[in-house]
Amino acid sequence: SQKIEQNSEALNIQEGKTATLTCNYTNYSPAYLQWYRQDPGRGPVFLLLIRENEKEKRKERLKVTFDTTLKQSLFHITASQPADSATYLCALDASGTYKYIFGTGTRLKVLA
Amino acid sequence: DAGVTQSPTHLIKTRGQHVTLRCSPISGHKSVSWYQQVLGQGPQFIFQYYEKEERGRGNFPDRFSARQFPNYSSELNVNALLLGDSALYLCASTTGGDVYSNQPQHFGDGTRLSIL
């Protein structure tokens, strides 16, 4: 069956460290993968998109990698800050359809 | 510029009732998608509309229906409400077009629906 998995447990890291979040998928062949941030009581906010033929994408302190062989994307936040504390969602397009499928999200807490 | 707006923000209904949720996309965006998000889970795709036509449907029962209007706003209707329909309902808009969408989705803050 088709599945997207993210670290189900919360991730706690110290301020200034690099946070690494994982998104694994099975039985999909996405052309695109997106990462979103969601704060409590708010809708998701788009962060980054990476295409299947791109290995890595960066935006300021954020970096995303996409390995279609491993069927995995990694999301990194460098020099993390308490303001980075939120839930991070990965989403991929179910190829051949107009659907975007979201993972369950990983809750990140950056400790001061 | 205004983002995606959804109304109402909160709603309480009882089992068996029906509900209509509304969404106004970002100006210039022609595609609207609806998602259901249960606490602790990621958003689950319900529908996508583009130019007033349904382009995609998730695994939801026929009690769920939607439509898109000429001004690209959209309504989600849910009939015969069940306790399990309690969730945050999110609307997202994109400019639309390409079948393999490479566009970021812009979400509203959702409607919190509680079923008693």
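This is a predicted model: local features need pLDDT of at least 70, side-chain atom pairs count only at pLDDT 80 or more; totals for chains, interfaces and linings use all residues.
Colleague: Which strands of chain B supply the side that touches chain A?

Modeller: There are β4 (31–37), β5 (44–50), β6 (53–57) and β9 (87–94) of chain B, each supplying at least two residues of that side. By residue class, the side of chain B that touches chain A divides into nine nonpolar, 11 polar and four charged residues.

Colleague: How many salt bridges does the rule find across that interface?

Modeller: It finds one salt bridge between chain B and chain A. The side chains of B:D109 and A:R42 meet there, at 2.8 Å from N to O.

Colleague: What area is buried between the two chains?

Modeller: About 1900 Å² is buried between chain B and chain A, and carbon and sulfur atoms give 55% of it. The contact takes 24 residues from chain B and 22 residues from chain A.

Colleague: Turning to chain A, in what order do the five strands of its open sheet run?

Modeller: The order is β1-β3-β8-β7-β6 in chain A, with antiparallel pairing. At the edges stand β1 (3–6) and β6 (56–59) of chain A; each has a single partner strand, so one side of each is left without a neighbour in the sheet. From one strand to the next, the twist averages 15°.

Colleague: What holds for the pairing of β1(A) with β3 of chain A?

Modeller: β1(A) pairs with β3 (residues 19–26) of chain A over four bridges, in the antiparallel sense. Within that part of the sheet, A:E5 has A:N24 in β3(A) as its bridge partner.

Colleague: Where is A:E60 placed?

Modeller: A:E60 is in the loop between β6 and β7 of chain A. The hairpin of these strands has two residues between them. A:E60 has a positive phi of about 55°, although it is not a glycine.

Colleague: How many residues lie between the strands in the hairpin of β7(A) and β8(A)?

Modeller: Four residues lie between them, and A:K71 in that hairpin takes a positive phi near 55°. The strands themselves, β7(A) and β8 (residues 72–77) of chain A, pair in the antiparallel sense over six bridges. A:L62 has A:I77 in β8(A) as its bridge partner.

Colleague: What is the strand order in the open sheet of chain B?

Modeller: Its four strands are ordered β1-β3-β8-β7 in chain B, with antiparallel pairing. The edge strands are β1 (5–7) and β7 (64–68) of chain B, each of which pairs on one side only. The twist in this sheet averages 15° from one strand to the next.

Colleague: Over how many bridges do β3 and β8 of chain B pair?

Modeller: β3 (residues 19–24) and β8 (residues 74–78) of chain B pair over five bridges, in the antiparallel sense. B:R22 has B:E75 in β8(B) as its bridge partner.

Colleague: One last topic: is the peptide bond from B:S7 to B:P8 cis or trans, and what is its omega?

Modeller: That peptide bond is cis, with omega near -10°. B:P8 lies in the loop between β1 and β2 (10–13) of chain B.

Methods. Residues are numbered from 1 along each chain as its sequence is written. Chains are lettered from A and ligands numbered from 1 in the order in which they are written. Side-chain values use heavy atoms; hydrogens and water are left out. Two strands pair if DSSP finds at least two bridges between them. Axes are lines fitted to C-alpha atoms, for helices over the stretch in contact, and angles run from 0 to 180 degrees between N-to-C directions. Contact means heavy atoms within 4.5 Å. Buried area is the accessible area (1.4 Å probe) that two parts lose on being put together, summed over both. A salt bridge is a side-chain nitrogen of Lys or Arg within 4 Å of a carboxyl oxygen of Asp or Glu. Ala, Val, Leu, Ile, Met, Phe, Trp, Tyr, Cys and Pro count as nonpolar, Asp, Glu, Lys and Arg as charged, and the others, Gly among them, as polar.
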